[in-house]
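The chain under discussion is shown first.

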Amino acid sequence: MAIQIGQKPSPTFQQPLELLSDCHRRIESFLRALILVAEQAQGGALNSQQREGLETALRYFREAAPKHTADEEESLFPRMRELDSASVSGALEKIKALEADHEMANRGHGFVEQLGQKWLKENSLSPDELAALTETLNKLQQTYVRHIEIEDKEIFPLAASVLDEKQLAEVGREMASRRGQAFVRDWKNLPPKP
């Protein structure tokens, strides 16, 4: 991957909220890829580029996306719920709705996975299967547009304002652990030695 001068560096586990938001860009990108393959191939034979795009997007939603959901539901949201803060209390209903979105998305992605694997194996889908796939992908896209906007514009900024550095570091450490990676503190952000 080429590095561009002046390009903002990718977030790391030391910036868990930024990393969660960055994951949203991948969700949007891989969902667009699934929609594009369905629109282009129309349930028919997949060319090599479509096959690769379908395989890659399905793998992302099967393997990486559940970790993102766990990052929110097991690491971020519980820490927010523990706070005795009026601003967090006001956001709890939204967090509950976001968790319901996760359940719906999980079911949708399970259905997309099933049809996607059938398509890869048989190199075609029936018109009814294509219609069901397209409908499910469109529902997922509609859900994600609203869901991601709430998280990026409301929940993550709120978390940044109410969680302290230690709590955010714990979120980042758990995110790294879910991916089998080490949590390494950024030496530039460490407080000076006494």
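A residue counts as buried under 20% relative accessible area, as exposed over 50%, and as partly exposed in between. The model is predicted, and Arg62, with a relative accessible area of 39%, is therefore partly exposed. Its salt-bridge partner Glu113, reached at 2.8 Å from N to O, is buried, with a relative accessible area of 18%.

| Pair | Closest N to O distance |
|---|---|
| Asp22 and Arg26 | 2.9 Å |
| Arg79 and Glu170 | 3.1 Å |

Asp22 and Arg26 are 4 residues apart in helix H1, which means that about one helical turn separates them. Arg79 lies in helix H2 and Glu170 in helix H5, so this pair ties together parts that are 91 residues apart in sequence; Arg79 is buried at 11% relative accessible area, whereas Glu170 is partly exposed at 24%. Elsewhere, Asp71, Glu74, Arg178 and Arg179 are linked in a network of salt bridges.

The axes of H1 and H5 come within 9 Å and cross at roughly 45°, and the two helices are therefore oblique to each other. Pro16, Leu17, Leu19 and Leu20 of H1 make the contact with Leu168, Val171, Gly172 and Met175 of H5, a set with 7 nonpolar, 1 polar and no charged residues.

His24, also in helix H1, is buried, with a relative accessible area of 1%, and its side chain is joined to that of His68 by a polar contact of 3.3 Å. Beyond its neighbours within four places in sequence, His24 is in contact with residues including Glu72, Glu151 and Asp152.

Technical notes:
Residues numbered from 1 in each chain as written. Predicted model: local features only at pLDDT ≥ 70, side-chain atom pairs only at ≥ 80, totals over all residues. Heavy atoms only, no water. Buried < 20%, exposed > 50% of the residue type's maximum accessible area, 1.4 Å probe, protein only. Polar contact = N/O pair within 3.5 Å; in protein donor to acceptor, adjacent residues only side chain to side chain. Contact = heavy atoms within 4.5 Å. Axes fitted to C-alpha atoms, helices over the stretch in contact; angles between N-to-C directions. Parallel < 35°, antiparallel > 145°, perpendicular 65-115°, else oblique. Nonpolar A, V, L, I, M, F, W, Y, C, P; charged D, E, K, R; others polar. Salt bridge = Lys/Arg side-chain N within 4 Å of Asp/Glu carboxyl O.
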